[in-house]
Amino acid sequence: VGARSAANLSASARIILDKANVRAVSPQDGVVDRQALRNLTGGLRAVQDVIGESRTNLRGGGNFDLLVPQLRDGVDDLITQLGSVEHRVDVTIRGTQVADRMLGYDAPRRFFIAMQNNAESRATGGYIANYGIVTMQNGGVVSREFKRTSEFDNSPKPRTLNAPLDFRRRYSRFDVDREWTNVNLSPDYPTVAGIIADQYKQFSDEEVDGVFTLDPIGLASLLKLTGPVSVASWPVPLTDRNVAAIVLHDEYRAFDNNKAARVDFLGEVGEAVFDKLLAGGLDDVLAAAPVIEEMIEGRRLQVWSGNRSAAQFFAETGSDGAVADTTGDSFIVTTQNAAANKADYFLRRTIKYEAAVARQGNGLAVDAKATIRLTNGAPASGLPRYVIGPNGDGFKAGQNRLFVSFYSPFDVAQATLDGQKLH
């Protein structure tokens, strides 16, 4: 049985090599060929069928109890591994189906691209001052435009906050419907992205099919694929090594007396990287895959779709930036800049967690202590006021103020700030 299963799997490998050239789905002149995508789906389905057949054969191949323990364990491990591979293949098939929809073969698809600035922190990453609208059709980009988010708040058209009850209870006091800068106060990206899509629709009367969020660290990762890019307003090319420091720090000194250039710079960089990606940075999907995976793991790239099947795929692959629904021993800490400056570039955060687990009746009890240390390293002089302040009453240059949130499924027994008990 094991030999037959191995032969079937070997044949399956030949099938996918014949039917599905993975590199064929790489963009050619900025366009993904739909037939290549369908060939990949077909090849994956063939693999899935053979894996399922092999698992069935292994399970029904005889009385494994008669085998010596080492062989029996080996068969069990093989069945488990086949199940894991079968699941991954199934997820990949659904990914090709999601890609088919998002690439706009049947209808144009419009996406909101949010550029986050980590120097002014928010729960999903950073303040969103620039955004792009990208339209996909027939496998490629047919239009893209990058703008400032300030136009939302400057518009005379009123907006309302349509959000889940939990979001409204926690964050409505920050006037998200009038202050775009506070749209991403929740760490749960699907919630935030849904609000972004709705706020944009209220502003523009246009719906988007999805929301992508990217930060400067993510841009650095993409520059590994594209190579350096140049923008007219910056004297040297931007690379994966220098882009984060330039857009999070250096630009503020360079554009101290040019607000328009300062506000537009991150959007210009994002646009340049995006254009170079389309021009060839994604030509090898196998080389791009680990870079994209690293961005997703670090939440440098987060993806949301209003389409249910696409949303399920993003959730299962961990690319949706969702807060896990857990009852276990876990917590989240977020910081949000409340000083209207860019001092979070100098913020250093450390977390120490000490937990003791003991039996309590038929279950377990956890007694834990989390120590969160926030260190402000911003200088009191030498940088523009836009970076270190003061930008509000009661502040001095170099001072920072943070809205800190601690999320846990457990009840908090006690909390202190600088040694003083909080009530």
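In strand 4, valine 211 is the bridge partner of phenylalanine 112. Strand 4 (residues 210–214) runs parallel to strand 1, and five bridges join them. Strands here are DSSP runs of E with at least two residues, and helices are runs of H or I with at least four, numbered from the N terminus. Two strands count as paired if DSSP finds at least two bridges between them.

This is a predicted model: local features need pLDDT of at least 70, side-chain atom pairs count only at pLDDT 80 or more, and totals for chains, interfaces and linings use all residues. Residues are numbered from 1 along each chain as its sequence is written, and side-chain values use heavy atoms, without hydrogens and water.

Strand 1 (residues 109–117) also pairs with strand 2. There, alanine 114 stands opposite tyrosine 131.

| Partner of strand 1 | Sense | Bridges |
|---|---|---|
| Strand 2 (residues 127–137) | antiparallel | nine bridges |
| Strand 4 (residues 210–214) | parallel | five bridges |

How many of the nine residues of strand 1 are buried? Eight are, so the strand is mostly covered (buried: under 20% relative accessible area, 1.4 Å probe, protein chains only).

Across the chain, buried residues make up 42% of the 423 residues. The secondary structure comes to twelve helices and eleven strands. The C-alpha atoms fill a box of roughly 80 × 65 × 40 Å along the principal axes. Of the contacts (heavy atoms within 4.5 Å) with a separation of 6 or more, 66% join residues 24 or more positions apart.

How values were computed:
Buried means under 20% relative accessible area, exposed over 50%, partly exposed in between (1.4 Å probe, protein chains only).
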